[in-house]
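Open the model in your viewer and keep the sequence panel beside it. The stops below tell you what to select and what is there.

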Amino acid sequence: MAAERNSTWTRRFRPAPDAPSHLVCFPHAGGSAGWYLSTARALAPAVDVLAVQYPGRQDRLREAPIGDAHALADRITEELRAGCDRPVTLFGHSLGATLAFEVALRLERAGIAPLGLIVSGRRAPSRHRPGQIHTLDDAELIAATEQLGGMDTRLLNDPEILRLVLPSLRSDYRAAETYRWRPDTALRCPVLAMTGDHDPQAPTEDVQAWSAHTSGTFTLKTFTGGHFYVNDHLEAVHRAIMAFIDSRAPSRIFRDA
């Protein structure tokens, strides 16, 4: 991927053309690429950070959102296969963790071995729990989002902004809640899982179960807080990400022979 270029699917807030590897970041339901601006600032120029921008929001508002996690992972994988010219680590929070996992699977099947996968605030794929938030009416959907703390309440109280963001928010919840893991799939790359110790969406025992989804090494880090613990521990999260990347040799074979 050209060092200075943003694509339809990714945003590069702090280009790092000389970095030995990419970190590809996947937002949560209702989130956008901008959620990872602080990550790009913290890790550049050691890592070239790419933040995924899902369709249906911000500068992609005119595009229809994709409410199927497997279809969304297919599209993102196409972009990364075409563009990534350096080893890749994948990082996702909540819905983003599921998408990062599915993209990692697809990259490995294509002979592109990720340096590793970092998942945050998400139960293991084998610990799926049915959810119906995406079927709620608008008021109930907004209330559920406020309870998790995933969006600025000032935005949720602005009728015009709500009109713009509700379709993509509902679609994201649909992708997260209708996702089903395909049991014949597992990774080979290392996995780092992070969670808040009071996250109702990702209890520690369900996050620990990510260990069964890779034949590589697995590490669990727990922070104080709820589903968006990341906001209270940004520096520590960034240190954990950097240490995980540093533990992987970027000179490791990137594409299988």
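**Start in the core**

Select F26, I76, L90 and L117: these have the most contacts inside the largest nonpolar core, which has 40 residues. A nonpolar core is a set of buried Ala, Val, Leu, Ile, Met, Phe, Trp, Tyr and Cys residues joined through side-chain atoms within 4.5 Å; buried means under 20% relative accessible area (1.4 Å probe, protein chains only). This is a predicted model, where local features need pLDDT of at least 70, side-chain atom pairs count only at pLDDT 80 or more, and totals for chains, interfaces and linings use all residues. Residues are numbered from 1 along each chain as its sequence is written, and side-chain values use heavy atoms, leaving out hydrogens and water.

Next, colour α3, which gives the most to this core, with nine residues. Helices (H or I, at least four residues) and strands (E, at least two) are DSSP runs, numbered from the N terminus.

Not counting residues up to four places away in sequence, L90 touches V24, F26, L80 and A100, among others; contact means heavy atoms within 4.5 Å.

**On to the sheet**

Select the strands. Seven of them form an open sheet with mixed pairing, in the order β1-β3-β2-β4-β5-β6-β7. Two strands pair if DSSP finds at least two bridges between them. Because β1 (10–11) and β7 (218–223) are at the edges with a single partner strand each, one side of each has no neighbour in the sheet.

Zoom in on β1: its pairing with β3 (residues 48–52) is antiparallel, over two bridges. Here T10 stands opposite V52 in β3.

How values were computed. Buried < 20%, exposed > 50% of the residue type's maximum accessible area, 1.4 Å probe, protein only.
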